[in-house]
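Please examine the structure shown below together with its sequence. The paragraphs that follow lead from single backbone features to helices, their packing and the overall architecture.

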Amino acid sequence: MRICVLVKQVPATDKVKIDESTGTMIRTEMEAELNPLDMYAVEEAIRVKERLGGKARVTAISMGPLMAIDAIRDAISMGCDDGYLLSDKLLAGSDTWATSYALSKAIEYLGGFDLIFCGERATDGETGQVGPSVASWLGIIPLTYVSKIEEIGDGYIRVWRAVEGGYEVVETGLPVLLSVVKEINEPRLPNLAGKLKAKEAKIPILTAETLGLERRMIGLEGSPTRVVKIFYPKLSRNGRIMSGKNPQEAVDELIKFLAEKGII
Ligand SMILES: Cc1cc2nc3c(=O)[nH]c(=O)nc-3n(C[C@H](O)[C@H](O)[C@H](O)COP(=O)(O)OP(=O)(O)OC[C@H]3O[C@@H](n4cnc5c(N)ncnc54)[C@H](O)[C@@H]3O)c2cc1C
């Protein structure tokens, strides 16, 4: 079975720098880490391989600047077999539409996968759009909010999806894309052997040219969404503490205040 995990490198701190002229994130000047929610996707992919007695190969794929190679190394140190980085200046400024297009082309270029894992959302962009969009470009079924893989058989999978108020059990044929929630597992810590393997791993770089990406579909040009303005919201609430000498006085003061405002 061929399995891949989409992993994104995200800022490790909240000191994110923004290019005010383009409204985009300056990714080359920040401390970065593997998107914490992608660790659950990596863990589940490895568990599926273990469940199949090792008869699977798990490939980590990321799109980002060259430093995103570290996110792939992190995935390999946890147990992925290999990894590819999709990196090209032409991809800079890609929104979720262009990102998912490029990732889907990388998946096709690598020959396709039976299972494609991704995180629920990236902790920086937080749209949760990339996984389902990749599935859409590939014309395969997206299974979102997966909290448990109940069974994987010959060409089919049965999973639990966390939905409002309960779980939905879905069975479908392969290939599928699964975005997983935290509940699915407890990600393992890399061991020494994994760290050494990751350090020595050769991670090929895929460019727009290698993948034959259409220029009008990638980067700022290929991104139909625009960040018009980025700002921190201002808190405009004026708090007032009803203290009083004792709880009864505080309640009386609150009732008086609400009556004056015409709320009660
Ligand atoms: C309007 C808009 C404009 C943007 N413009 C820019 C821009 O100009 N420059 C810029 O750098 N960013 C830009 N971004 C952010 C960029 O689109 C996102 O970083 C990227 O598309 C991923 O979206 P996300 O962070 O919401 O990921 P989500 O959709 O929340 O991620 C879900 C999952 O998809 C997978 N995934 C997501 N991104 C990647 C990736 N790159 N590689 C591998 N797997 C991945 C991961 O498994 C992740 O857990 C923009 C976003 C928006 C909404």
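Just after helix H1, Gly53 takes a positive phi of about 65 degrees. Helices here are DSSP runs of H or I with at least four residues, strands are runs of E with at least two, and both are numbered from the N terminus. The model is a predicted one, in which local features need pLDDT of at least 70, side-chain atom pairs count only at pLDDT 80 or more, and totals for chains, interfaces and linings use all residues. Residues are numbered from 1 along each chain as its sequence is written.

H1 itself has 14 residues and reaches 20 Å from its first C-alpha to its last, close to the 20 Å expected at 1.5 Å a residue. The expected span of a helix is 1.5 Å times one less than its number of residues. H1 is mostly covered, with 11 of its 14 residues buried. A residue is called buried if 20 or more other C-beta atoms lie within 10 Å of its own, exposed if 12 or fewer do, and partly exposed in between, with C-beta atoms placed from the backbone. Among the buried residues of H1 are Asp38, Glu43, Glu44 and Lys49, as well as Met39, Val42 and Ile46.

The loop between H1 (38-51) and strand S6 (57-63) contains Ala56. Ala56 is partly exposed, because 19 other C-beta atoms lie within 10 Å. Leaving aside neighbours within four places in sequence, Ala56 is in contact with Met1, Ile3, Val48 and Lys49; two residues are in contact if their C-beta atoms, placed from the backbone, lie within 7 Å. Both Val48 and Lys49 belong to the buried residues of H1. Ala56 and Asp81 are 25 residues apart in sequence and 9.4 Å apart in space, C-alpha to C-alpha.

The next element to consider is helix H3. Its 14 residues (96-109) should span 20 Å at 1.5 Å a residue, and the end C-alpha atoms are 20 Å apart, which agrees. Since 11 of the 14 residues of H3 are buried, this helix is largely enclosed by the rest of the structure. The buried residues include Thr96, Thr99, Tyr101, Leu103, Lys105 and Ile107. H3 is followed by Gly111, whose phi is positive, near 100 degrees.

How do H3 and H4 pack against each other, and at what angle do their axes cross? The axes come within 8 Å and cross at roughly 55 degrees, where axes are lines fitted to C-alpha atoms, for helices over the stretch in contact, and angles run from 0 to 180 degrees between N-to-C directions. That angle makes H3 oblique to H4; angles under 35 degrees count as roughly parallel, over 145 as roughly antiparallel, 65 to 115 as roughly perpendicular and the rest as oblique. On the H3 side the contact is made by Thr96, Trp97, Thr99, Ser100, Tyr101, Leu103, Ser104 and Ile107, and on the H4 side by Val130, Ser133, Val134, Trp137 and Leu138.

Most residues other than glycine have a negative phi, and most peptide bonds are trans. Glu126, which is not a glycine, has a positive phi of about 60 degrees. Glu126 lies in the loop between strand S8 (115-119) and helix H4 (130-138), and is exposed, with 11 other C-beta atoms within 10 Å. Tyr145 also has a positive phi, near 50 degrees. Tyr145 lies in strand S9 (residues 141-153) and is buried, with 20 other C-beta atoms within 10 Å. A cis peptide bond joins Leu174 and Pro175, with omega about 5 degrees. Pro175 is placed in the loop between strand S11 (166-173) and strand S12 (176-180).

Finally, the whole protein may be considered. It has seven helices and 13 strands, and its C-alpha atoms fill a box of roughly 70 × 45 × 40 Å along the principal axes. Of its 264 residues, 37% count as buried. Residues 24 or more positions apart account for 68% of the contacts with a separation of 6 or more. An automatic or database domain assignment divides the protein into domain 1 (2-217) and domain 2 (236-264), and the C-alpha centres of these domains lie 51 Å apart. Pro233 is found in the loop between helix H6 (208-211) and helix H7 (247-260). Pro233 is exposed, with 5 other C-beta atoms within 10 Å.
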